[in-house]
Structure formats: C-alpha cells, structure tokens
Amino acid sequence: MNKTINPNELKPADDTGPLYAPRKKVYPQSVKGTFRRIKWGLMAFCLGVYYLLPFVRWNRGLGAPNQAVLIDLPNSRFYFFFIELWPQEVYYFTGLLIVAAVALFLMNSIGGRIWCGYLCPQTVWTDLFYAVERLIEGDRRERMKKDKSSDPMKLERISEIVLKHSIWLLIAWWTGGAWVLYFNDAPTLVKELLTFQAPMIAYIWIGILTATTYLLAGYMREQVCTYMCPWPRIQAALTDEWALNVTYRYDRGEKRTSVKKAAELRALGEHVGDCVDCYQCVAVCPTGIDIRNGPQMECIQCGLCIDACDNVMTKIGRPKRLIGYDNDINIQRRQEGKAPVYRIVRARTIVYSAIIAAVGGFMIYTLATRSLLDVNVLHDRNPVAVKLSDGSIRNAYTVRLLNKSGYDRVIAIDAHGPANATVHVIGVDSVTPDRPMIVIPRDSTSELRLLVTAPADNNPEKSIPVRFHVTDIGLGEVASATDNFVSP
C-alpha cells in the first residue's frame with residue numbers, strides 16, 4: 001500500500017552548490033600502436049591539406065585566377081581545380097552537404113564516432129597541441145608533477161610555459177592565416193599581411209580564428225566534445241546494435257586482478273579475467289574516461305585505449321584486443337561459445353551508400369553535362385507592351401547572358417513565338433539587324449535591353465509564349481529561356 005507523504009516533511013533541496021561540476025584536468029599519456037599511427041598519419045594529412053592547399057596553382061588561362069582552391073567573393077565565384085561554380089549553381093553545395101551528412105551517418109553505422117576520433121578538426125588540432133605540450137613539458141607524470149609543484153615559479157618552469165604558449169599561439173595564428181588565404185591569392189595576401197597592407201577584414205578574421213583555435217585546442221579540449229558538440233547526442237540516436245564501437249570485452253576481462261594474484265587464483269582453479277587493472281586505458285584517454293565502465297557519451301572512439309591495452313597484454317603474454325572495435329552482440333556470442341559475427345553490409349549501410357552514390361552521381365552527371373552558356377529573360381512590367389504608329393506591337397525585355405567559359409563568345413539572339421517578329425538590342429550595332437550578333441566577354445555576365453516587335457494582325461492573341469535562343473556562332477552551343485509576348 002502506498003504511503004501518503006506530507007510535503008512539510010520533505011527536506012529542502014540544497015541549492016548552494018555549483019550548477020556545474022568543476023573541470024578535472026586531463027593529462028593524456030603518450031602511447032604507441034596501430035591506432036596512434038593512424039591518427040598521426042591522418043593528422044599530418046589533414047593539416048598538410050589545410051595549410052598548403054591555398055598555395056597549389058592551377059592554370060585556367062590568361063586573366064583567370066591560378067589558385068587551385070579559391071573562394072572569390074568579389075566576383076562571386078568558387079574555384080576548385082578544374083571546377084568553377086557560379087552563384088546560380090549553389091545547389092552543388094546543397095548536394096555536397098547532403099553527401100557529407102550521409103557519409104557521417106555511414107561512418108557512424110560502421111565504426112561509431114570514427115569521425116570524432118580521427119578527422120574532426122577539434123581532435124586534430126587538440127592532438128597537435130598535446131604533441132607540443134609533451135615535447136616541452138614531458139609526458140603525463142612529468143606534467144602532473146610540475147602542475148602540483150610547490151614552487152611553480154622556477155625560471156625553468158616559466159620558460160617552458162612561455163615557450164609552450166608561444167608555439168600554441170603561432171599554430172593558432174597560422175591556422176587563422178591559412179583560412180583567409182582561401183579567399184584571396186595566397187602568395188599576394190601573405191606578402192600584404194607581412195607588410196601590413198592587407199584589408200582590415202583579413203586581420204580581423206585571423207584574430208578571431210587565432211583566439212578560437214588557441215582556446216578550443218589549448219584549454220577547452222575534451223569539454224568541446226562533451227558539452228558543446230551536438231554530435232554525441234545525435235550519434236546515440238543513429239547507432240544500432242551492429243555498429244562497431246570501442247568496447248571493453250568484459251567476457252574476457254572480468255574478474256580483474258593483478259598479474260601475480262591472477263597466477264595464484266588460476267593455480268587454485270578459479271576463473272580470472274585478463275584485465276590486470278593497470279589503468280593504462282584511462283591514462284591515455286584524451287577525455288579521461290574509463291572505457292571499462294561501458295559506452296559513454298564522452299568517448300570519441302579514437303582507439304588509443306586499444307593500443308595501450310594491447311601493449312600491456314603483449315608484455316604479460318596474453319592475447320591482444322581485450323579492448324577493441326566490437327559490439328555487445330559479439331560479446332554475448334562469445335559467452336555462449338559462439339563465433340563473433342560482423343555485419344558491415346546491412347540494410348542501414350546499403351541505404352546510406354545508395355544515397356551517397358545517387359546524390360554524388362547526379363552531381364557528377366550535371367557537372368559534366370552542364371552548359372557554359374546561359375540566358376535569363378525578364379519582361380518589362382511598365383509598360384507591358386507598346387503599340388507603335390504602324391499598328392505593330394513591341395515588348396521590351398531585360399536579357400542576362402552568362403558566359404562561364406574561359407574565352408570570348410560571338411552569339412546570335414533569336415526570338416521564336418510571335419509571327420514575323422524582329423529583334424533589336426538597344427545600344428548594340430549588329431551587321432544582321434534582324435538577328436543580332438554580339439560578343440560576350442569570357443567568364444562574365446552581360447545584361448542587354450532587348451526589343452521584340454511583331455505585327456498585330458498576325459498575332460491576335462492577348463499573350464503568346466516567346467522563346468529566346470542564344471547560339472554560339474563558333475561552337476553551336478545553344479541556351480534558351482521562355483517568357484510571354486503580350487498585346488496592350
């Protein structure tokens with residue numbers, strides 16, 4: 001029977017404590033192994049691409065920018081090697097974001113948070129900052145000892161701190177500097193930055209990115225992954241029971257005991273696990289968690305605890321992979337004496353792969369078959385139409401011609417729809433008055449005022465569709481747009 005509680009008997013909540021738990025500083029220990037080498041390689045690759053890509057050259061012809069990757073905001077262009085995108089082609093960025101998002105889902109369904117552990121910018125730059133810290137101050141024990149020293153103001157200690165933060169700031173500054181190089185010619189902007197002749201907005205962005213890199217990679221570190229990043233929460237909702245996550249194989253590890261004690265218990269015929277409770281997996285973890293406590297939101301799946309545990313298992317002569325990429329299904333199967341099963345290919349991964357292939361294939365197809373000549377037509381609103389003294393009807397249009405190629409074009413303009421219509425371009429002389437031919441400069445947009453005149457007797461309808469054809473005289477490439485020809 002339920003007991004009625006008197007509200008007056010309840011103790012008031014203690015709200016005098018802190019709202020958030022204080023941060024416990026993490027001192028990750030260096031480790032050697034397979035996953036550490038993978039992380040070093042990916043870190044070198046990612047940082048190399050980010051810092052050096054602005055200096056890669058790509059010949060696009062006379063007068064065109066020769067930077068391989070360039071976001072040209074003044075001219076509204078995006079260059080990526082042989083690809084040039086205009087503002088009208090922003091849908092390619094939409095497709096790229098879709099592919100990137102689904103690729104993230106696919107990685108999660110295969111190997112958990114492998115993006116977080118190996119490729120996330122926060123992880124890459126934090127790893128770099130940790131490497132600098134270890135090089136100057138020493139490994140885990142040395143750093144902990146120096147931070148707890150009773151005399152932290154020694155000259156040697158001060159010099160280490162100054163040197164460390166100087167290198168951190170230099171890395172952060174170059175990170176911000178590399179970012180702005182994607183928006184202007186890199187060698188030119190570097191020279192302007194060093195001679196203090198660069199635009200003020202460049203210095204502002206360098207300052208912002210220097211500060212954020214220094215703070216996020218140097219101080220906040222694992223707190224960004226735990227509190228600021230939404231992906232751990234999203235990832236937990238997207239994963240399934242077959243995804244491979246960094247897992248402590250408790251079927252092998254329990255019960256934990258020291259090497260010496262384990263030998264004694266085994267001699268007595270008792271069951272003992274392979275875990276020797278050395279805490280090396282905790283010591284190397286960049287977020288400071290104990291993977292043996294099961295899946296945790298703080299775990300970024302970097303695999304360093306696997307390397308640490310493998311090293312210990314090798315030293316004591318026990319099988320590796322007490323910690324490894326696994327799932328609970330396989331742990332239960334091992335407990336039942338069954339062989340593990342890995343289902344990388346399943347409905348979820350097939351669907352994600354199909355979406356990536358479909359969207360990526362469609363983008364490649366449209367990019368390969370897109371026209372480098374385009375036309376847009378806008379009918380004048382006031383007046384909509386004019387009746388001339390001879391009874392004919394004239395409509396005016398604003399025509400925008402886009403020449404996306406790297407050479408000038410000679411184009412002819414035709415209007416189809418109204419019977420016996422003639423076309424005239426205002427302010428442009430043409431040797432063929434009824435079929436204007438004009439030159440469009442390369443890689444540019446030209447805006448024209450176009451007059452279409454047709455006899456009223458042959459066009460009695462109130463509104464007639466008119467289709468404008470723009471033809472490249474040399475290549476025969478055609479672009480078209482449709483509007484209406486109306487009567488007053």
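In strand E12, Val 452 is the bridge partner of Val 423; helices (H or I, at least four residues) and strands (E, at least two) are DSSP runs numbered from the N terminus. The structure is a predicted model, in which local features need pLDDT of at least 70 and side-chain atom pairs count only at pLDDT 80 or more, whereas totals for chains, interfaces and linings use all residues. Residues are numbered from 1 along each chain as its sequence is written, and side-chain values use heavy atoms, with hydrogens and water left out.

Strand E10 (residues 422-425) runs antiparallel to E12 and is joined to E12 by four bridges; two strands are taken to pair if DSSP finds at least two bridges between them. Strand E8 (residues 393-403) also pairs with E12 in the antiparallel sense, over eleven bridges. Within this pairing, Asn 395 has Val 452 of E12 as its bridge partner. Strand E12 (residues 444-454) is mostly covered, with eight of its eleven residues buried; buried means under 20% relative accessible area, exposed over 50%, and partly exposed in between (1.4 Å probe, protein chains only).

Lys 387 belongs to strand E7 (residues 386-387). This lysine counts as exposed because its relative accessibility is 57%. Apart from residues up to four places away in sequence, Lys 387 touches Ser 392 and Pro 488, contact being defined as heavy atoms within 4.5 Å. The C-alpha atoms of Lys 387 and Pro 455 are 9.7 Å apart, although 68 residues separate the two in sequence.

The unreviewed UniProt entry lists residues 40-58, 90-107, 161-182, 202-220 and 350-368 as "transmembrane region"; such annotations may be inferred rather than shown by experiment, feature names are shortened, and positions follow the numbering used here. In the model, residues 90-107 are 94% helix and 0% strand, with the end C-alpha atoms 26 Å apart. Residues 161-182 are 91% helix and 0% strand, and their end C-alpha atoms are separated by 33 Å.

A search of the whole structure gives 18 aromatic pairs. Rings of Phe, Tyr and Trp (its six-membered ring) pair if their centres lie within 6.5 Å, and planes under 30 degrees apart count as stacked, over 60 as edge-to-face and the rest as tilted. Tyr 50 and Trp 125 form an edge-to-face pair, at 5.4 Å centre to centre and 85 degrees between the planes. This pair links helix H1 (residues 34-52), which holds Tyr 50, to helix H4 (residues 121-137), which holds Trp 125, across 75 residues. Both Tyr 50 and Trp 125 are buried. Phe 129 and Trp 168 are stacked, because their ring centres are 5.2 Å apart and their planes lie at 25 degrees. Phe 129 is in helix H4 and Trp 168 in helix H6 (residues 155-180), so this pair ties together parts 39 residues apart in sequence. Phe 129 and Trp 168 are both buried. Ring pairs also link Tyr 50, Tyr 51, Trp 125 and Tyr 182 into a cluster.

The charged end of Arg 77 sits over the ring of Trp 86, 3.6 Å from the ring centre; this requires NZ of Lys or CZ of Arg within 6 Å of the ring centre and within 35 degrees of the ring normal. Arg 221 lies over the face of Tyr 130, 4.1 Å from the ring centre.

Zero disulfides are found in the whole structure, a disulfide being a pair of cysteine sulfur atoms within 2.5 Å. For Cys 275, the nearest cysteine sulfur is that of Cys 278, 6.5 Å away. Cys 275 is buried, with a relative accessible area of 7%. The sulfur of Cys 285 is too far for a bond from the closest cysteine sulfur, in Cys 302, at 6.1 Å. Cys 285 is likewise buried, with a relative accessible area of 11%.
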